[in-house]
Amino acid sequence: LGSDMEMTLYAVFTVFCFLAPSVTNKLGTRFTMFLGVLGYAALVAASLVYLLGLVGRWLVILGGAVNGVGAAFMWTAQGRLMLQYSDGTDSGRIFAIFWSIFNLSAVLGGILLFAYFLSTSSSGDWSLYAVFLGLILTGACGTLMLLPPEKVKRGKEEPLLTEDLEPSSAVVVEAEISTLPWWEELVETLKLFRTEYMARLFIIFFYTGFNQPYQLVTFGNRFFTESTLGLMLSLFYTFELIGAYVSARIVDGSPGRQAAVRGYSLFFLVTTLGYICALWLESQEAHHPEDIDNRGTVALVLPGALAMAFWGFSDSQIQALAYWQLGQEYSTGTDQSRAVGFYKMVQSAGWCLGFALSPTKRLAPILQLTATAACYIVGVALVRFPGKRPNQVPMADP
């Protein structure tokens, strides 16, 4: 049931990321986020009703589909709002704040998971789902309290810095609601598929979703016990927080190309270290398959913990670099909605394929490792760094 629901969620998420920029630009970021968070509430409510034995599993899968629609709306609107809150020199810091709050819940959840499985073998009860539902609905209402970008005070009105550290024009925050017809909004989103800049980011965007089904599901479930996995997830998300702040230091206040070289070099190094640790464990398991039954040993936990720490750090880095690159290339809110929608659509497609391949009977773990590693290597090689060039120049037709 869980696998079917996840596949449905991310398949719908992928499709609706194409429509989400239009909804965001026509309804505004905050109201779109409100609708999006309600999609998450729908899945929890469906799971609660299923847990009580009132309906069949179909309702949970339907809840996953509604969650997919909501996730597309929420993440697209959130991405645009975050980019618009930035004045162009502090996008890394703003992402770090958001990413820290976002992943703090995962850190606490991992600790709770560890404690829960130490005391019981149950998969949960109705009161737990009810608490989650109440928190989600509270969060949905909280999105309506966010300030619109044009009302955000950005401190001193200083000129931004260009590639050569020369002053550029001030940031202009446009009206939040687009005046374009719905169909023109969809056409503008489609045009992104013909831009060289976004085409060269496609593979690294895909990696940001494709990597974690192997890292957290295939690798994590095989090399850690249930309780230890809870601690490893906490470690993973703790290093997500650290990586976000390191990325903020790299990209804020530096010329675009210099920041990109530093950021992607560090991402490549740390990610590679994680895959080296994983490769060592996978090779050990291939030669000594009986060791997989001794997942509590230091010989497995220590390199596995290092892999999770490296991957958590590098995941926040590539997420920060992705948002930063979009902010560097697209300056208006409507364009940023479309760019974030494109990014999330490609990322979600990566999640879909990753979950489809994660069962070891479909693809051997070592091949999953190889595929995800190849994805980030090729992705980094193709990235086009920001610089002085016109925005959104279409590639020539063949």
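**View 1. The largest nonpolar core of this predicted model holds 82 residues.** Three members touch the most other members: Met198, Phe205 and Phe219. Helix 8, residues 196-223, gives the most to this core. Its share is 12 residues. In soluble globular proteins, nonpolar side chains tend to be buried together.

**View 2. Phe219 and its contacts beyond the neighbours within four places in sequence.**

**View 3. Helix 2 crosses helix 7.** Helix 2 spans residues 20-27, and helix 7 spans residues 182-190. Their axes come within 9 Å. The crossing angle is roughly 130°. The two helices are therefore oblique to each other. Helix 2 passes helix 7 in a right-handed crossing.

**View 4. The residues where helix 2 contacts helix 7.** From helix 2 come Pro21, Ser22, Val23, Asn25 and Lys26. From helix 7 come Trp182, Glu185, Leu186 and Thr189. Of the residues in this contact, 4 are nonpolar, 3 are polar and 2 are charged.

**View 5. Ser91 in helix 5.** Helix 5 covers residues 91-119. Is Ser91 buried or exposed? Its relative accessibility is 15%, so Ser91 counts as buried; the cut-off for buried is under 20%. Leaving out residues up to four places away in sequence, Ser91 touches Ser86, Asp252 and Trp324.

Key: Residues are numbered from 1 along each chain as its sequence is written. This is a predicted model: local features need pLDDT of at least 70, side-chain atom pairs count only at pLDDT 80 or more; totals for chains, interfaces and linings use all residues. Side-chain values use heavy atoms; hydrogens and water are left out. Axes are lines fitted to C-alpha atoms, for helices over the stretch in contact, and angles run from 0 to 180 degrees between N-to-C directions. Helices (H or I, at least four residues) and strands (E, at least two) are DSSP runs, numbered from the N terminus. Angles under 35 degrees count as roughly parallel, over 145 as roughly antiparallel, 65 to 115 as roughly perpendicular and the rest as oblique. A crossing is left-handed if the near helix is turned anticlockwise from the far one by less than a right angle, and right-handed if clockwise. Contact means heavy atoms within 4.5 Å. Ala, Val, Leu, Ile, Met, Phe, Trp, Tyr, Cys and Pro count as nonpolar, Asp, Glu, Lys and Arg as charged, and the others, Gly among them, as polar. A nonpolar core is a set of buried Ala, Val, Leu, Ile, Met, Phe, Trp, Tyr and Cys residues joined through side-chain atoms within 4.5 Å. Buried means under 20% relative accessible area, exposed over 50%, partly exposed in between (1.4 Å probe, protein chains only).
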